[in-house]
Amino acid sequence: MGDRVIISLFLVVIVVVPGVLSILKPELMYKTSARYVYPKTPSKSAIKRFKISGYFSVCLGLVLIIVALLGGFKGT
C-alpha cells in the first residue's frame with residue numbers, strides 16, 4: 001500500500017500542482033515556460049490556453065491518482 005501512496009504523491013507533484021498553478025496564475029506559468037522569449041505580457045488567448053491545459057492536467061492527474069490507489073498499475 002505504501003508504494004501506491006508514493007506513486008500518488010509523485011503524480012500530485014508532477015501533474016496536479018503545475019495544473020493548479022496554471023489555472024490560478026497563468027502569467028507565471030507563461031513566464032516560466034519556454035514560450036516566454038520576448039519580454040512582453042501574454043495575450044488573452046495564451047492565458048486561455050494555459051488555463052484550459054491546467055484544467056486538463058488536473059483532471060488527468062486525478063484519474064491517474066485514482067488508478068494508482070486502486071492498484072491499476074502493474075507491479076504496485
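Buried means under 20% relative accessible area, exposed over 50%, and partly exposed in between (1.4 Å probe, protein chains only). I'm keeping that handy for these notes.

**Ground rules.** This is a predicted model, where local features need pLDDT of at least 70, side-chain atom pairs count only at pLDDT 80 or more, and totals for chains, interfaces and linings use all residues. I number residues from 1 along each chain as its sequence is written, and side-chain values use heavy atoms, with hydrogens and water left out.

**Helix H3.** I looked up H3, residues 44-70; helices are DSSP runs of H or I, at least four residues, numbered from the N terminus. Which residues of H3 are buried? I got Ala46, Ile47, Phe50, Gly54, Ser57, Val58, Gly61, Ile65 and Ala68. Their cover includes helix H1 (2-24) and helix H2 (26-32). Just after H3, I found Gly71 with a positive phi of about 85°.

**H1 against H3.** I checked how these two pack: the angle is about 170° and the axes are 7 Å apart. Axes here are lines fitted to C-alpha atoms over the stretch in contact, and angles run from 0 to 180 degrees between N-to-C directions. So H1 and H3 are roughly antiparallel, a label for angles over 145 degrees.

**Ser22.** Next I picked Ser22, which lies in H1. Is Ser22 buried or exposed? Its relative accessibility is 5%, so Ser22 counts as buried. Leaving out residues up to four places away in sequence, Ser22 touches Met29, Phe50, Lys51 and Gly54 (contact means heavy atoms within 4.5 Å). I also noted 7.7 Å between the C-alpha atoms of Ser22 and Ser53, which sit 31 residues apart along the chain.

Key:
Expected span 1.5 Å × (residues − 1). Parallel < 35°, antiparallel > 145°, perpendicular 65-115°, else oblique.
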